[in-house]
Amino acid sequence: MIGRLAGRILETTEEEVLIDVGGVGWVVRCGARTLSRLPAAGEAVVLRVETQWSESAGPRLYGFLDADDRAAFVLLQSVQGVGPKAALGVLDVLPPAALAEAVARDDKVQVGRASGVGPKLAQRILVELKGKPIGSAGFSIAGTGAAPTGPAPVSAAGEAVAALMGLGVAETQARRLVEQAAVALGPDASVSDLVRSGLKEMGR
């Protein structure tokens, strides 16, 4: 099972992105929110991937920029009647923390904004997700916020180092490049920002 891809974007469509990883082009289906946040064609990207299989379509990869989005995507499909398309639709309008808040408030209207989710399915999502941690960091749905109840996610710097190594950069050099980029870009820099800065420093 493929859980992560690090490479360069070749092209994007309304539903998918084509990523070059070591000369192999991977087609990854993404939600609209993820696609809107991807870097431009030719730039480096790291995607968390959920691999699914169906008899009619065979293997299909679903990609996310954040581990929490991927975990919430899997959790949503544990609800009866929610398939990949509906799960992506929910996450397009409600990122994991916002989804947790909607569940806590029993906000059927917010969940029902998602493409492919009617009132009955929205209500079922609220009922079946009640009391469950949403996202890999375990956003709390008992209160008002997004207090993590599970292990902290891997740092952006660590992800960026791994991505550069996946692109053929030696570990020592990758760590140095990421450290330099983190100093220049600040603590809120994303994985993609750090990777792009490192590659730019290398002249790639």
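Guide: Of the 204 residues of the chain, 40% count as buried. This is a predicted model, in which local features need pLDDT of at least 70 and side-chain atom pairs count only at pLDDT 80 or more, while totals for chains, interfaces and linings use all residues. Residues are numbered from 1 along each chain as its sequence is written, and side-chain values use heavy atoms, with hydrogens and water left out.

Visitor: Why is V178 called buried?

Guide: Buried means under 20% relative accessible area, exposed over 50%, and partly exposed in between (1.4 Å probe, protein chains only). V178 has a relative accessible area of 2%, and is therefore buried. The residue lies in helix α8 (residues 171–185).

Visitor: Which residues is V178 in contact with, leaving aside its neighbours within four places in sequence?

Guide: Contact means heavy atoms within 4.5 Å. With those neighbours set aside, V178 is in contact with A157, A160, V161, L164 and L194. From V178 to V191 the C-alpha to C-alpha distance is 9.5 Å, at a separation of 13 residues in sequence.

Visitor: What makes T34 count as buried?

Guide: T34 has 5% relative accessibility, so it counts as buried. Its place is in helix α1, and T34 touches G63, F64, L65 and D69, not counting residues up to four places away in sequence.

Visitor: How many helices and strands does the chain have?

Guide: The secondary structure comes to nine helices and five strands. Helices (H or I, at least four residues) and strands (E, at least two) are DSSP runs, numbered from the N terminus. Along the sequence they follow the pattern β-β-β-α-β-β-α-α-α-α-α-α-α-α.

Visitor: In what order do the strands close into a barrel?

Guide: The five strands close in the order β1-β2-β3-β5-β4, with mixed pairing. The twist from one strand to the next averages 55°.

Visitor: How do you know that strand β1 is joined to strand β2?

Guide: Two strands pair if DSSP finds at least two bridges between them. Four bridges join β1 (residues 4–12) to β2 (residues 16–21), and these strands run antiparallel.

Visitor: Why is α2 called oblique to α3?

Guide: Axes are lines fitted to C-alpha atoms, for helices over the stretch in contact, and angles run from 0 to 180 degrees between N-to-C directions. Angles under 35 degrees count as roughly parallel, over 145 as roughly antiparallel, 65 to 115 as roughly perpendicular and the rest as oblique. The two helices pack at about 130°, with their axes 9 Å apart. That angle makes α2 oblique to α3.

Visitor: Which residues make the contact of α2 with α3?

Guide: D69, A72, F73 and L76 of α2 meet P84, A87, L88, V90 and L91 of α3. By class, this contact has eight nonpolar, no polar and one charged residues. Ala, Val, Leu, Ile, Met, Phe, Trp, Tyr, Cys and Pro count as nonpolar, Asp, Glu, Lys and Arg as charged, and the others, Gly among them, as polar.
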